[in-house]
Amino acid sequence: MSCPNLEVCPFINNSDERLKDDITKYKNRFCNANYEKCARFILGNSIGEVPDDLAPDEIKRAEKLMKK
Ligand code: SF4
């Protein structure tokens, strides 16, 4: 199952061409596979606010934001 946020997630829907390859990788690794492990998904469910530029694998940064 894919992430329920896929269509609205600002990180994944970023239209910057330079990020296209990275976004494809993140989609394969998280959004369409292990979205429960995505830092954005976890943080969103925890505090509700997720910085637009937080990458799915930035779990340490997400943990810090949760402790604030
Ligand atoms: S980056 Fe994370 S929150 Fe955004 S769509 Fe992918 S899995 Fe969901």
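Modeller: Gladly. A residue is near a molecule if one of its heavy atoms lies within 4 Å of it. By that cut-off, the ligand is surrounded by C3, N5, L6, C9, I12, C31, Y35, C38, R40, F41 and P56. Please keep in mind that this is a predicted model.

Colleague: Which residue classes make up the shell around the ligand?

Modeller: The shell has nine nonpolar residues, one polar and one charged. Arg counts as charged, and R40 is among the residues around the ligand. As for where the ligand sits, its space is the largest pocket.

Colleague: Let's turn to charges. What makes D16 and R18 a salt bridge?

Modeller: The cut-off is a side-chain nitrogen of Lys or Arg within 4 Å of a carboxyl oxygen of Asp or Glu. The side chains of D16 and R18 meet at 2.8 Å, N to O, so the pair qualifies as a salt bridge. A search of the whole structure finds five salt bridges.

Colleague: Why is R18 called exposed, and why is D16 called partly exposed?

Modeller: Exposed means over 50% relative accessible area, and partly exposed runs from there down to the buried limit of 20%. R18 has 72%, so R18 counts as exposed. D16 has 25%, so D16 counts as partly exposed.

Colleague: What about R29 and D57, where do they lie?

Modeller: The closest N and O atoms of R29 and D57 are 3.8 Å apart, which makes a salt bridge. The pair links distant parts of the chain: R29 is in helix α1 (residues 20–31), and D57 is in the loop between α2 (39–46) and α3 (59–67), 28 residues apart. Both are partly exposed, R29 with 48% and D57 with 36%. Elsewhere, salt bridges that share partners join D53, E58 and R61 into one network.

Colleague: And N28, why is that residue called exposed?

Modeller: The relative accessibility of N28 is 54%, over the 50% limit, so N28 counts as exposed. N28 lies in helix α1. N28 and R61 are 33 residues apart in sequence and 21 Å apart in space, C-alpha to C-alpha.

Colleague: Now the rings. How many aromatic pairs does the structure hold?

Modeller: There are three aromatic pairs. Take Y26 and F30: their ring centres are 6.4 Å apart, and their planes meet at 40°.

Colleague: What makes Y35 and F41 edge-to-face?

Modeller: Their ring centres are 5.0 Å apart and their planes are at 75°, over the limit of 60, so the pair is edge-to-face. Both Y35 and F41 are buried, and both are among the residues surrounding the ligand.

How values were computed:
Residues are numbered from 1 along each chain as its sequence is written. This is a predicted model: local features need pLDDT of at least 70, side-chain atom pairs count only at pLDDT 80 or more; totals for chains, interfaces and linings use all residues. Side-chain values use heavy atoms; hydrogens and water are left out. Buried means under 20% relative accessible area, exposed over 50%, partly exposed in between (1.4 Å probe, protein chains only). Helices (H or I, at least four residues) and strands (E, at least two) are DSSP runs, numbered from the N terminus. On a 1 Å grid over the protein atoms alone, a cavity is a set of points where a 1.4 Å probe fits but cannot get out, and a pocket is an open set with protein on both sides within 12 Å along at least five of seven lines; lining residues have an atom within 4 Å of a point. A molecule sits in a cavity or pocket if more than half of its atoms lie within 2 Å of its grid points. Rings of Phe, Tyr and Trp (its six-membered ring) pair if their centres lie within 6.5 Å; planes under 30 degrees apart count as stacked, over 60 as edge-to-face and the rest as tilted.
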